[in-house]
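Subject: Structure handover

Hello,

Here is the structure I promised to pass on. Please look it over first; my notes follow below.

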Amino acid sequence: MAARKIVAKEQSFEEALGELESIVAEMEQGEPTLAELTEKYSRGVMLIEKCQQDLDRAEKIIDVMVKPDGSLAETDMTTLRA
């Protein structure tokens, strides 16, 4: 299972979200076995965690770039990483 977690971290946000959408569609359309369902659910949870981490990181970057009044802060963009 640790190997799958690594793969999820290497994916972009968009790739992880796309895979998650595919898993949901497969689970809704088909009649997977209990083992398949459990595996897909587990993978989906890992993808959700990865996407949430990416969103949290993006939110922190935006918080640094935008002042409380909504104006842009002078920020050295080279020091920020998404």
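With which side chain does the side chain of Asp54 make a polar contact? The partner is the side chain of Arg57, at 2.3 Å. A polar contact is a pair of N or O atoms within 3.5 Å; within protein, one must be able to donate a hydrogen and the other to accept it, and residues adjacent in sequence count only if both atoms are side-chain atoms.

First, the ground rules. This is a predicted model: local features need pLDDT of at least 70, side-chain atom pairs count only at pLDDT 80 or more, and totals for chains, interfaces and linings use all residues. Residues are numbered from 1 along each chain as its sequence is written, and side-chain values use heavy atoms, leaving out hydrogens and water.

Back to Asp54. It sits in helix α3 (helices are DSSP runs of H or I, at least four residues, numbered from the N terminus). Asp54 counts as buried because its relative accessible area is 15% (buried is under 20%, exposed over 50%, partly exposed in between; 1.4 Å probe, protein chains only). Setting aside neighbours within four places in sequence, Asp54 is in contact with Ser12 and Phe13 (contact: heavy atoms within 4.5 Å).

Next, the core. The largest nonpolar core has 5 residues: Ala16, Leu20, Ile23, Leu47 and Cys51. Such a core is a set of buried Ala, Val, Leu, Ile, Met, Phe, Trp, Tyr and Cys residues joined through side-chain atoms within 4.5 Å. Helix α2 (13-29) gives the largest share, 3 residues.

Last, Leu72. It lies in the segment after α3 (34-65). Leu72 is exposed, because its relative accessibility is 64%.

Best wishes

Notes
Helices (H or I, at least four residues) and strands (E, at least two) are DSSP runs, numbered from the N terminus.
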